[in-house]
Amino acid sequence: MCGIVGYVGSKPAQSVLVNGLARLEYRGYDSAGIAIMGDDGIGVTRTAGRIADLVSVINSEQGSYAGSVGIGHTRWATHGAPVTKNAHPHQDCSATVAVVHNGIIENYIQLRDELIAQGHTFTSDTDTEVLAHMVERMGDQPLELVVRNIMEKAEGALAIGVVRASDPELVVAARRGSPLVIGLGEDENFLASDIPAILEHTRRIAIVGDDNVVSLRSSGIAITDLAGNPVEPIVREIEWDLESAERGGYDDFMLKEIFEQPTALRDTLAGRIDEHHRIHLPELDLTAREARAIDKVFVVACGTSYHAGLMAKYAIERWTRLPVEIDIASEFRYRDPVLDDRTMVIGMSQSGETADTLAALEYAQAQGAYVVATTNVVDSSMARVADAVLYTRAGPEIGVASTKTFVCQLVLMQLLGLYLGQIRGALDGATIELMAKSVRALPEQVEQLLEHADDIMAMARKYKDVKDVFFLGRGASFPIALEGALKLKEIAYVRAEGYPAGEMKHGPIALIEKGVLVIGVATSSHLHAKTLSNMEEVKARSATLLMVLTEGDIDGQRMADDIAWVPHAPELIAPVTAVIPLQLFAYAISKARGLDVDKPRNLAKTVTVE
Ligand code: AGP
């Protein structure tokens, strides 16, 4: 997730762009840059770091350009480390084109190889740079047509802004999937990934549709589809204040991030499942022989990432038949685990900086294990320590309670399990195909589920004064029960316990009485009937029963006091949708209690102490 801005008008573009980028910094903050159309061509200033660092470079004079047309970008790395050479805007060989981009170009390797064969020279590690060379390759053809052509060739979700020295009064933009809006002014027009970037200049916003191309001049805008047919813009008057605009109109970052989950999932899956349902994780750089040599897997993580790690255990064991151990990172290195060069150790972390997990990975590496980091932050400490990195591509997560990064960790672990099963020859093609299709369906399923978010939250508010909650699940639903309990503890300060449903009778059932709420995660699985029996046991002791059930589950429906329905999915895929009602449940209770969901007491987003 990155931020784009663009401007055409009569004001100094530099300050319009920098102010806009500062408003978009929540979309990415590892590097930033701008391109200004000047009398001597395009002036590009960019740097690793935050917008404040970009301002320092601009103020150093070599970085300052006069002009009233330009584009800017604030980056959240997905391809290539967060260093200056990978900062946007990117240019072609002759530096007559500049491009900013948000999203992922799934076929960029193929496009880059093609361009290199045609004599183009690349200077960055990004997927974006192919776009600048593609514009250059098309010579003097009208820029709108060039961008339409690019959009046809580039696969994946993307939003772009392009300038060309031979068109000094023009910015051309396009989008597919990734967000992009146009701000309409008087003799000036604006481009942005998000409304806050331009709200100080205009409240008249034109929404850009998928596969639409927009040309912006100071005199006006024109939108076409990929065939060049004119598209009538949908213009809206924005009434939000700046602060709520930064949260996309949502009350809190956590809620915004819950609703970003379909996009985060799509980005995380991009390029990792092909049209033949084969799984691709080239980042692991494993030959089949090396993959077969692995004889044990450890997963180490903390908090929510640990819950995703538990899911990895189920998926990897089921699909590869490799034994998997899961450890809380702060315990791992002190218990002297048995590791050697045939052990794969997976460190899971949203931030890539959690001290306990980082130390665990360093320990594992010192023992000779093959260390894989799974993180959302490119070039974070764990990414640098690990032998290989699998990135979730959820974009920056600001709410302290992890939501979108958790579901992305889950799908990444599903992909890893399938990939290892595939490369080790442990899985048949039909199973991989079924699972790959089911994983691919998840972004849309989550989107559909979120259409009912208001109903789920209204139901949750009935329980706003609840004091004791048990979250119960079996098999792959157990990590979801743990995660539901953690969410409720951390943002609503309610005593909540996640427990394996079958274990209740060995002690905790003594706590069940009238007034206790039990939340049973009982999506379809081979343990479904057993889970329902466990639910009967708590119900018989007067607990109130809220259940997360697969659509159409009549048996579950009969016993539940309240239900959150989730769509059909195979047992090891279903946790991704099952967690969403629980995120909404915790969110609604926290709000009903008047708490700060984004900054819960005593908690930090990243814990860098042991
Ligand atoms: C999640 O909601 C929590 N804020 C917390 O448990 C978190 O998952 C944990 O601190 C680990 O962080 P990491 O994923 O950045 O390593």
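**Working chat**

Me: Is Arg321 buried or exposed?
Reply: Arg321 is exposed, because its relative accessible area is 65%. Exposed means over 50% relative accessible area, buried means under 20%, and partly exposed is in between (1.4 Å probe, protein chains only).

Me: Before we continue, what kind of model is this?
Reply: This is a predicted model, in which local features need pLDDT of at least 70 and side-chain atom pairs count only at pLDDT 80 or more, while totals for chains, interfaces and linings use all residues. Residues are numbered from 1 along each chain as its sequence is written, and side-chain values use heavy atoms, with hydrogens and water left out.

Me: Back to Arg321, then. Where is it found?
Reply: Arg321 sits in the loop between helix 10 (303-320) and strand 16 (324-328). Helices (H or I, at least four residues) and strands (E, at least two) are DSSP runs, numbered from the N terminus.

Me: What is the phi of Arg321?
Reply: Arg321 is not a glycine, yet its phi is positive, about 65°. Most residues other than glycine have a negative phi.

Me: And what about the phi of Asp211?
Reply: Asp211 also has a positive phi, near 60°, and is a residue other than glycine. Asp211 belongs to the loop between strand 11 (204-207) and strand 12 (212-217). With 25% relative accessibility, Asp211 counts as partly exposed.

Me: Let us change topic. What kind of peptide bond joins His88 and Pro89?
Reply: The bond between His88 and Pro89 is cis, with omega about 0°. Most peptide bonds are trans.

Me: Where does His88 lie?
Reply: His88 lies in the loop that runs between strand 4 (69-75) and strand 5 (90-91). Pro89 is in the loop between strand 4 and strand 5 as well.

Me: Is His88 buried or exposed?
Reply: His88 is buried, since its relative accessible area is 3%.

Me: Which residues does His88 touch?
Reply: Leaving out residues up to four places away in sequence, His88 touches several residues, including Ala32, Arg46, His73, Val99 and Thr128. A contact here means heavy atoms within 4.5 Å. His101 is also among the residues touched, and the backbone nitrogen of His101 lies 3.3 Å from a polar atom of the His88 side chain. A polar contact is a pair of N or O atoms within 3.5 Å; within protein, one must be able to donate a hydrogen and the other to accept it, and residues adjacent in sequence count only if both atoms are side-chain atoms.

Me: Next topic. How many salt bridges does the structure hold?
Reply: The structure holds 25 salt bridges, a salt bridge being a side-chain nitrogen of Lys or Arg within 4 Å of a carboxyl oxygen of Asp or Glu. One of them pairs the side chains of Lys11 and Glu188, at 3.1 Å from N to O.

Me: Why does the pair of Lys11 and Glu188 tie together parts that are apart in sequence?
Reply: Lys11 is in the loop between strand 1 (3-8) and helix 1 (13-23), whereas Glu188 is in the loop between strand 9 (181-184) and strand 10 (189-192), so the pair ties together parts 177 residues apart in sequence. Lys11 counts as partly exposed at 32% relative accessibility, while Glu188 counts as buried at 10%.

Me: Which side chain does Arg335 meet in a salt bridge?
Reply: The side chain of Arg335 meets that of Asp327, at 2.6 Å from N to O. Arg335 is partly exposed at 38% relative accessibility, and Asp327 is buried at 6%. Elsewhere, salt bridges with shared partners join Lys256, Glu260 and Lys404 into one network.

Me: Finally, the whole chain. How many helices and strands are there?
Reply: The chain has 20 helices and 24 strands. Buried residues make up 60% of its 610 residues. Its C-alpha trace spans about 80 × 55 × 45 Å along the principal axes.
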